[in-house]
Amino acid sequence: MRIRPVSSLQGEIHLPPDKSISHRYAILGAMATGTTRISNFSNSQDCQSTLDCLRKLGIRIRQSANEVEIESRGWREFQRPLESLDAGNSGTTMRLVSALLAASPFVSTIQGDESLNRRPMRRIIKPLTQMGARIEANNREYPPLRITGSQLQGIHYGLPVPSAQVKSCVLLAGMMAQGETTLVEEIPSRDHTERALPFFKVVLEREDHQLMVSGPASLKAAKMQIPGDFSAAVYFIMAALLIPDAEICLRRVGVNPSRTGLLTLLEQAGAAVEKTHFAEFNDEPVCNLRVRFRPEPLQRFPTEISGHWIPNLIDEIPVLAVLGTRLEQGLTIREAGELRKKESDRIHSVVVNLRNLGVRVEEFPDGFHIPPGQAIQGGKVQTFADHRIAMAFAIAGLIAKQPVELDNPSCVSVSFPDFFQRLQSIGSYTTQSG
Ligand code: S3P
């Protein structure tokens, strides 16, 4: 796929439904008794992996257009899967569904694709084992996971990494365990699970950095609606900020503050972002965003991003690196070592590809530095089969001097199957296959 530089970008983009939220509502629906109805459910491969895993546990799922109906008799009735569960490329699927397997009285296996089978799982193995499950893994770390479930016991657990997947895994397990489960989260991560629980009639207590659930809980089916995915919106927001005369409109974008750190930084730096039509979908804030190009530089954008900002904008860092090439003061990312454990080693993937496109960049163990005053020249991009690398560098192609060629554009389907069509619809003739 070849992306050509464009001189303008105009229009409205239909965003995909939020992937993170889709996983959670599907899993909570499977744990609940009754029929959960979810509208605007993600059509990503990752969320299909979650639905496939739930089907193998005996849950009836009907999908029509973007509506999903999940019919369950509750988590106590999960059936022993006849074959291994397959989480595909999806870390969220593996880490959250493992909680269901840990609390079920049978032995099961969950595996992933080549990329997921290289991602760390001790972060969930440790708390689930402390709660009473037995989990075997490659080198006690990597999938496939062979999980012997049992009646779990509540725990008090301090999260060693700020990870919403680990937090959600322990909260889900806690709901099926005997007694109280308390989680301590020093640096906050996305809180979609916490916001969803009351809709499934689960009481969650939050106090400072602590979260508490009591089990065993009986979840009730709910009717849920999913906002547009902010992490997908970000590619278009960036494009609009970088291309002269650009103006784009995004409707019903999820703007949960635990996800929108990058938007906050951009607004503080003077980006032209107009928010209208505020609403709430099951306690998730949504609004429309209109983003316009502004000739003035983003002078107040931080020169270094680290600490508590990182979990809030972790998935946006690859495309933030593209913006970094245009910031007058350059850009440094630190304390983001978690990026090395994503669908690809995203520090390496960003650094290699910026260099492939003629940008100087320094690599650190926990981040990178892009010196000021550079331009993206163009060239070949290795996506490392990582959807966020493919989408971030497609945006780089729009502002490069020469075309940018992506080696494996189809990997975008794990989160945003229509990404290139959407891009084409607002910046005509930007892409070309072959
Ligand atoms: C996610 C949490 C984050 C994020 C991932 C989705 C989630 O991962 O990077 O894309 O849905 O909970 P970590 O929990 O590993 O930080």
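Residues are numbered from 1 along each chain as its sequence is written, and side-chain values use heavy atoms, with hydrogens and water left out. Because the model is predicted, local features need pLDDT of at least 70 and side-chain atom pairs count only at pLDDT 80 or more, whereas totals for chains, interfaces and linings use all residues.

A side-chain N or O atom of Ser20 is 2.5 Å from a ligand oxygen, and a polar side-chain atom of Thr92 lies 3.4 Å from an oxygen atom of the ligand. For Ser163, the distance from a side-chain N or O atom to a ligand oxygen is 2.6 Å. The protein buries 93% of the 390 Å² that the ligand exposes when taken alone, with areas from the Shrake-Rupley method and a 1.4 Å probe.

Ser163 also caps the N-terminal end of helix H5, where a side-chain oxygen lies 3.3 Å from the backbone nitrogen of Gln165. Helices (H or I, at least four residues) and strands (E, at least two) are DSSP runs numbered from the N terminus. H5 is largely enclosed by the rest of the structure, because 13 of its 13 residues are buried (under 20% relative accessible area, 1.4 Å probe, protein chains only).

In helix H2, the buried residues are Asp46, Cys47, Ser49, Thr50, Leu51, Cys53 and Leu54. Their packing partners include helix H1 (19–31), helix H3 (91–102) and strand S7 (107–111), contact meaning heavy atoms within 4.5 Å. Just after H2, Gly58 adopts a positive phi of about 95 degrees.

Strands S6-S7-S9-S8, in that order, form an open four-stranded sheet with mixed pairing, where pairing requires at least two DSSP bridges. S6 and S8 (134–138) stand at the edges with a single partner strand each, so one side of each lacks a neighbour in the sheet. S6 and S7 run parallel and are joined by two bridges; Leu85 has Ile110 in S7 as its bridge partner.

Conventions
Buried < 20%, exposed > 50% of the residue type's maximum accessible area, 1.4 Å probe, protein only. Polar contact = N/O pair within 3.5 Å; in protein donor to acceptor, adjacent residues only side chain to side chain.
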